[in-house]
Amino acid sequence: MSGASDVPVIAIDGPSGSGKGTIARRVAHKMGWALLDSGALYRLVALAAQQQGIALDDAGALAQLAARLDVRFGSDALGNEQIWLAEEDVTASIRTEECGAGASAVAALKPVRRALLELQRGFRRAPGLVADGRDMGTHVFKDAGLKVFLTASPRERAKRRHKQLKEKGIDVSLAALSRDIEERDRRDSERSVAPLRPAEDARILDSSGKSIEDVTQTVLDWMSEL
Ligand code: C5P
């Protein structure tokens, strides 16, 4: 039997709002591969901490929480994403701005990142894995066959996020979102542990002004060149 390291991985990293979640999902679907939304794991740690009254700077307790994370990814009858934390459907609650900010805070703690490492690597299953996050190509799957660093201008990212939230009936000002995105980018790229940056061997893809279909196709074309 071949080991997990023989299973091909595509790493798609980038800042929030670059569209990597959407692109990763589409690429995984087209290939019939598994998908890892690593940001969801950090969001789940933040949510579980909030529910259990654990402070977002209590690295030891948060790492224990991360190591015991009882998470299940699935989809409903329409193919929409569903995420379960133990028995609770947390699909919507982990997507709030508050949970995103909490995720970014716990993600800066080394013990939390270490606790999530093996959990993330466990998603590598035949026939292949598309892994979406901030450090998939630089840390978690350094041996990924294809590493994509997806970017878009901060303005465009704020506009996309605004549209997504509006569709969910959540009303947030564009200016506030832009500020949040810039603040989160800064924290994610300046932190000392696993800062957000492209892997040396990553291919940079700027999605500003490009359709989801075009960006997905570019990634699939790069894959077929391997
Ligand atoms: O991608 P998403 O917005 O769900 O990620 C939430 C937060 O989790 C990010 O702002 C980042 O701080 C953190 N994260 C990370 N490493 C990853 C994925 C997410 O640090 N691989």
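Student: What makes a space here a cavity, and how many cavities of 30 Å³ or more are there?

Tutor: On a 1 Å grid over the protein atoms alone, a cavity is a set of points where a 1.4 Å probe fits but cannot get out, whereas a pocket is an open set with protein on both sides within 12 Å along at least five of seven lines, and lining residues have an atom within 4 Å of a point. By this rule the count comes to 2 cavities of 30 Å³ or more. This is a predicted model, so local features need pLDDT of at least 70 and side-chain atom pairs count only at pLDDT 80 or more, while totals for chains, interfaces and linings use all residues. Residues are numbered from 1 along each chain as its sequence is written, and side-chain values use heavy atoms, with hydrogens and water left out.

Student: What volume does the largest cavity have, and which residues line the largest cavity?

Tutor: The largest cavity holds about 40 Å³ of space, a volume being the space filled by probe spheres set on grid points that are joined across faces, edges and corners. Its lining consists of Ala11, Asp13, Gly137, Lys147, Val148, Phe149, Arg197, Pro198, Ala199 and Ala202. Strand S7 gives the most to this lining, with 3 residues; helices (H or I, at least four residues) and strands (E, at least two) are DSSP runs, numbered from the N terminus.

Student: How do you know that the side chain of Lys147 makes polar contacts?

Tutor: A polar contact is a pair of N or O atoms within 3.5 Å; within protein, one must be able to donate a hydrogen and the other to accept it, and residues adjacent in sequence count only if both atoms are side-chain atoms. The side chain of Lys147 reaches the backbone oxygen of Lys142 at 2.7 Å, and a polar atom of that side chain lies 3.0 Å from the backbone oxygen of Gly137.

Student: What classes of residue line the second largest cavity?

Tutor: Its lining divides into 1 nonpolar, 2 polar and 4 charged residues, where Ala, Val, Leu, Ile, Met, Phe, Trp, Tyr, Cys and Pro count as nonpolar, Asp, Glu, Lys and Arg as charged, and the others, Gly among them, as polar. The second largest cavity contains about 30 Å³ of space, and helix H8 gives the most to its lining, with 3 residues.

Student: Which helix gives the most to the lining of the second largest pocket?

Tutor: Helix H5 does, with 6 residues, and the pocket has a volume of about 160 Å³. Among the lining residues are Arg113, Asp135 and Ala194; by class, the lining has 5 nonpolar, 2 polar and 5 charged residues.

Student: How many residues surround the ligand, and which are the closest?

Tutor: The ligand is surrounded by 16 residues, the closest being Arg43, Arg113, Asp135, Asp188 and Arg191; a residue is near a molecule or strand if one of its heavy atoms lies within 4 Å of it. A nitrogen atom of the ligand is 2.9 Å from an N or O atom in the side chain of Asp135, while oxygen atoms of the ligand are found 2.8 Å from a polar side-chain atom of Asp188 and 2.9 Å from an N or O atom in the side chain of Arg191.

Student: What makes the phi angles of Ala86 and Ala194 worth a remark?

Tutor: Phi of Ala86 is near 50°, a positive value in a residue other than glycine, and Ala194 has a positive phi of about 40° although it is not a glycine. At 35% relative accessible area Ala86 is partly exposed, whereas Ala194, at 8% relative accessibility, counts as buried.

Notes: Buried < 20%, exposed > 50% of the residue type's maximum accessible area, 1.4 Å probe, protein only.
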